[in-house]
Amino acid sequence: MGALQLHPPLPVFKHNITKSSYKLCSKLHLSRGFHKHNALETTSSTDTIDQEEPPSIDFGFVSPRLLPDGSPDVQIRSAVGGRKLRDIMLDGHIDLYGPYEKPLFNCGGGGTCGTCLVEVVEGKHLLSPRTEREKEVLKRKPKTWRLACQTVVGKPDSIGEVIIQQLPEWKTHEWE
Amino acid sequence: MATLLSLHAPRPNPHHLIRASSSSSPTTTTTTTTTSTTTQDSPQSLEERFGRKGVKFTESGGVPTVELSVRNGSSVSLRIPDGLVTSYKPKVYWKEDGFEEVLHTIPSGLDSGCPLKGGLSLVLNDVSKDGSLWQASQWTVKDSESDSIDAVQVELSCSNGDGSLEITYVISLYLLCMATAVIVKNKGNDTVKLTSAMLSHLKFKSRRGAAIQGLRGCSYCSHPPLSSAFGILSPAEAMEQEPPGWPFFNNNGNEEKEGSWIVEDNLYTILRGKLSRVYTAPPMDRMKRIYNTPPSKFETIDQ
């Protein structure tokens, strides 16, 4: 059976496609209208936090490839804290495994295969610290990288913002 | 109405415009007849000014067309005054030395105007003033670019009556895909309200094997496409339910009423039954502080 799948091209007019760096916060907030909730602020922000909305964490998932006009390809999700990052991403239909999505190509959340890599761009304070398994698997990787199946995001009453870079091995840009 | 192919177009960068500086001056007006208002150039003069390796200007049925081609033999054919892409034939790996036509065109049966319907066309309407609808229709070549092996590009431009809207339509061809980009500049003083669509008519091998992957989790609702002279189905025809001779395929018909939003559950959106939908975040959701954004990438599967 022939599946007609058209792949995006490698960057062609090469003079513009060197790695671009991003001042991430301002860019994402401006483009999506996030209202920044910071779990550490206690003083004046109580007026701005919507009392009727149940506590939830805002997520921005950034794709490894930029959009054709050069801006980051961000998917916004909202989830209650206390769950593993892997579950939040799979429930939100975010591409976590990339080419390793097929059955038997990943360990399904066991923490052994190392294919559910993500890079934490913002929101590190909401995430649980690296487990021993993660430290073993991610020994040679940058400090911001995590295994999504081992990372728990906050508690059920957490409020905050987390920005995650999907498939960091394939990304074409850098974060400042 | 969602675009079926998600592609990466080159960024609109000033390099394209810099190369055109010599030809953007109004030498495009034909010097002979002063009565005609449309500025159509002959294929020879277009070839002289914009011809490059892989970009060839010819005439087909009396209408200037441009043929883009790249090293592996993939080609795109575009009618210039209509801005209609009539053919895209990429090199495919399942045929030895073979190319497969991706776009579907049919004769329109009209004596005047464009003899074809289908293909890939841009619909861009200015709906700012009630009653007078302006549609982008007369295109002229503005620039072309080629890196002589892997990628070629042609830019068409169009402007409305009083020059307040400047539209550039960039069609690019790469080794494994083609891409389009549209840049609209508002040069006037008033705000402009536009409706637009890329009408793509694709050929599939069979209804049963046609599907789209990547829309799971996104909300959709029934919605007619924009009307266009190049559309094979009019908006009303697209929204019509299929006759109940296909009861097993048209299982969506009862659930979808115009205006009701449903979240796509399936990994593959199978195109067996006739459907006309828009996939996006519902307007009520967009009023909330935070909502799930619709997917930016999806694949079309043809078995």
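Are A:Phe59 and A:Phe61 buried or exposed? In this predicted model, A:Phe59 is buried, and A:Phe61 is buried as well. The two residues form a stacked aromatic pair, with 5.6 Å from centre to centre and 5° between the planes. A search of the whole structure returns five aromatic pairs over all chains. A further pair joins B:Phe50 to B:Phe57 and is tilted, with 6.3 Å centre to centre and 50° between the planes. A pair of aromatic rings is described by the distance of the centres and the angle of the planes. B:Phe50 has a relative accessible area of 2% and therefore counts as buried; the value for B:Phe57 is 5%, so this residue is buried too.

B:Phe57 also belongs to the largest nonpolar core, which has 34 residues. Together with B:Leu68 and B:Ile171, B:Phe57 is one of the residues with the most contacts inside this core. Apart from it lies another core, of 24 residues, among them A:Phe61, A:Val120, A:Leu127 and A:Leu147. In soluble globular proteins, nonpolar side chains tend to be buried together.

Within the core of 34 residues, B:Ile171 is located in strand β13 of chain B, which spans residues 165-173. Because its relative accessible area is 0%, B:Ile171 is classed as buried. When neighbours within four places in sequence are left aside, the contacts of B:Ile171 comprise B:Leu68, B:Val76, B:Leu78, B:Val152, B:Gln153, B:Val154, B:Leu156, B:Met178, B:Ala179 and B:Thr180. B:Leu68 in turn touches B:Ile171, and its other contacts include B:Gly54, B:Val55, B:Val76, B:Val152, B:Val154 and B:Leu173, residues up to four places away in sequence not being counted.

On the surface, a nonpolar patch is formed by A:Tyr100, A:Leu104, A:Phe105 and A:Trp170, which together have about 490 Å² of accessible area. Of these residues, A:Leu104 is situated in the loop between α2 (85-91) and β5 (117-122) of chain A. Its relative accessibility is 87%, and A:Leu104 therefore counts as exposed, whereas A:Phe59 and A:Phe61 are buried.

Key. Residues are numbered from 1 along each chain as its sequence is written. Chains are lettered from A and ligands numbered from 1 in the order in which they are written. This is a predicted model: local features need pLDDT of at least 70, side-chain atom pairs count only at pLDDT 80 or more; totals for chains, interfaces and linings use all residues. Side-chain values use heavy atoms; hydrogens and water are left out. Patches are made of residues with over 30% relative accessible area and no salt bridge: like charges are joined within 9 Å, nonpolar side chains (Val, Leu, Ile, Met, Phe, Trp, Tyr) within 5 Å. Accessible areas come from the Shrake-Rupley method with a 1.4 Å probe; for residues, only the protein chains shown count as cover. A salt bridge is a side-chain nitrogen of Lys or Arg within 4 Å of a carboxyl oxygen of Asp or Glu. Helices (H or I, at least four residues) and strands (E, at least two) are DSSP runs, numbered from the N terminus. Buried means under 20% relative accessible area, exposed over 50%, partly exposed in between (1.4 Å probe, protein chains only). Contact means heavy atoms within 4.5 Å. A nonpolar core is a set of buried Ala, Val, Leu, Ile, Met, Phe, Trp, Tyr and Cys residues joined through side-chain atoms within 4.5 Å. Rings of Phe, Tyr and Trp (its six-membered ring) pair if their centres lie within 6.5 Å; planes under 30 degrees apart count as stacked, over 60 as edge-to-face and the rest as tilted.
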